[in-house]
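Thanks for coming, everyone. Please have the sequence and the structure open while I talk. I will go from single residues to the whole chain.

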Amino acid sequence: MEQNLNQETGEIEIDLLELLKALWRHAWIIILAIVVGGGGAFSAAYFGITPTYEASAMLYVNNSMSSSISSTISSISSGDLTASKSLVDTYIVILGTRNVLEDVIEVSGVDYTYEELSKMIEAEAVNSTEIFEVTVTSTDPEEATLLANTIATVLPDKIDDIVNGSSAKIVDWAVIPAEKAAPSITRYTAVGMLVGLVLSCAVICVMSIMDDTIRTEDYLSTQYKTIPVLAVIPDLASTGRRGSRYGYYYRDSRTPAAKGGK
């Protein structure tokens, strides 16, 4: 019995050592749960989830329309850098507008609505610099690349029309991704195995705690000191000797003739 009732406080005391023994006795269940959980998660990730691909293009924020990247590097000031970094958030907001995305849809020729395309695009600054990255996620790697490069082409002209005295330059074009971005089969499998481990251990611990079977005489003598133990029923299966009639009662299936001839 893994839970002990404290007679003075009425609280239940849990024997951690007994819980560990219970987990060890049911180790095969835990291993089976890990295998089933990992296998189920692997199957769900491999057969049930459509893989997606990511393509990214990078753009440089410039706060001077007339300067190029090379000239900016040679004559750039701290004020220019600060202004460029502050413009990154502005450019990202402009990227997500309906005006820009509808032009991207028209130029790329994809069959998406503004809302659908907006959910496929993410943009963020690269390491807090004046360069920001536009990432497109799609189930088709070529489509993701097409949309990312179309955005890199359309966005600078839109920024030129909206924000005076600033522009965006393309730093790096998107390339067709060679590997899928999601789902990660390894991660899904690991999570499934972890879930199987946790659930199986939790069920075994709960069942052990709820088990009120008294298995040993020592438990009675230590937990109920005021109650005398009147008798103990021995385990006949373990005390019976081979070749003797002590132990469990058994029926002799031999015929009387066979018995008499012995």
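Start at Gly-39, which sits in helix H2. One caution before going on: this is a predicted model. Gly-39 counts as partly exposed, because its relative accessibility is 33%. Now look for Thr-189. In sequence, Gly-39 and Thr-189 are 150 residues apart. In space, their C-alpha atoms are 6.9 Å apart.

Stay on helix H2, which covers residues 27-48. Which residues form the aromatic cluster? Phe-42, Tyr-46 and Phe-47 form one cluster. Take the pairs in turn. The ring centres of Phe-42 and Tyr-46 are 5.7 Å apart, and their planes meet at 10°. Stacked means an angle under 30 degrees, so this pair is stacked. Tyr-46 also pairs with Phe-47. Here the centres are 4.8 Å apart and the planes stand at 80°, which makes the pair edge-to-face. The cut-off for that label is over 60 degrees. The count of aromatic pairs comes to 3.

Why are Phe-42 and Tyr-46 separated by about one helical turn? Because they are 4 residues apart in helix H2. What about exposure? Phe-42 has a relative accessible area of 36%, so it is partly exposed. Phe-47 is at 65%, so it counts as exposed. The cut-off for exposed is over 50%.

Next, Ile-49. This residue lies in the loop between H2 and S3. Its relative accessible area is 31%, so Ile-49 is partly exposed. Which residues does Ile-49 touch, leaving out those up to four places away in sequence? Ala-44, Pro-183 and Tyr-188. Take Pro-183. Ile-49 and Pro-183 are 134 residues apart in sequence. From C-alpha to C-alpha, the distance between Ile-49 and Pro-183 is 7.1 Å.

Now the sheet. How many strands form it, and in what order? There are 4 strands, in the order S4-S5-S3-S6. The sheet is open, and the pairing is antiparallel. At the edges are strand S4, residues 121-125, and strand S6, residues 167-172. Each of these edge strands pairs on one side only. On average, neighbouring strands are turned by 30° against each other, ignoring direction.

Zoom in on S4 and S5. Strand S5 covers residues 131-138. S4 and S5 run antiparallel, and 5 bridges join them. Here are two residues with their bridge partners. Ala-123 has Val-134 in S5 as its partner. Ala-125 has Phe-132 in S5. The hairpin of S4 and S5 has 5 residues between the strands. In this hairpin, Asn-127 takes a positive phi near 55°.

What lies across the strands? Helix H7, residues 141-162. H7 lies across S3, S4, S5 and S6. Strand S3 covers residues 53-62, and H7 runs at about 15° to S3.

On to Leu-117, in helix H6, residues 114-120. Is Leu-117 buried or exposed? Its relative accessibility is 0%, so Leu-117 counts as buried. Leaving out residues up to four places away in sequence, Leu-117 touches Leu-101, Val-104, Ile-105, Tyr-112 and Leu-147. For a distance, take Ser-138. Leu-117 and Ser-138 are 21 residues apart in sequence, and their C-alpha atoms are 9.6 Å apart.

A word on cysteines. The disulfide count is 0. Cys-201 is in no disulfide, and its nearest cysteine sulfur, that of Cys-205, is 6.4 Å away. Cys-205 is in no disulfide either. A disulfide would need the two sulfur atoms within 2.5 Å.

Last, the whole chain. The secondary structure comes to 11 helices and 6 strands. The chain has 262 residues, and 29% of them count as buried. The accessible surface is about 17,400 Å², with 58% of it on carbon and sulfur atoms.

Definitions and conventions. Residues are numbered from 1 along each chain as its sequence is written. This is a predicted model: local features need pLDDT of at least 70, side-chain atom pairs count only at pLDDT 80 or more; totals for chains, interfaces and linings use all residues. Side-chain values use heavy atoms; hydrogens and water are left out. Rings of Phe, Tyr and Trp (its six-membered ring) pair if their centres lie within 6.5 Å; planes under 30 degrees apart count as stacked, over 60 as edge-to-face and the rest as tilted. Helices (H or I, at least four residues) and strands (E, at least two) are DSSP runs, numbered from the N terminus. Buried means under 20% relative accessible area, exposed over 50%, partly exposed in between (1.4 Å probe, protein chains only). Two strands pair if DSSP finds at least two bridges between them. Axes are lines fitted to C-alpha atoms, for helices over the stretch in contact, and angles run from 0 to 180 degrees between N-to-C directions. Contact means heavy atoms within 4.5 Å. Accessible areas come from the Shrake-Rupley method with a 1.4 Å probe; for residues, only the protein chains shown count as cover.
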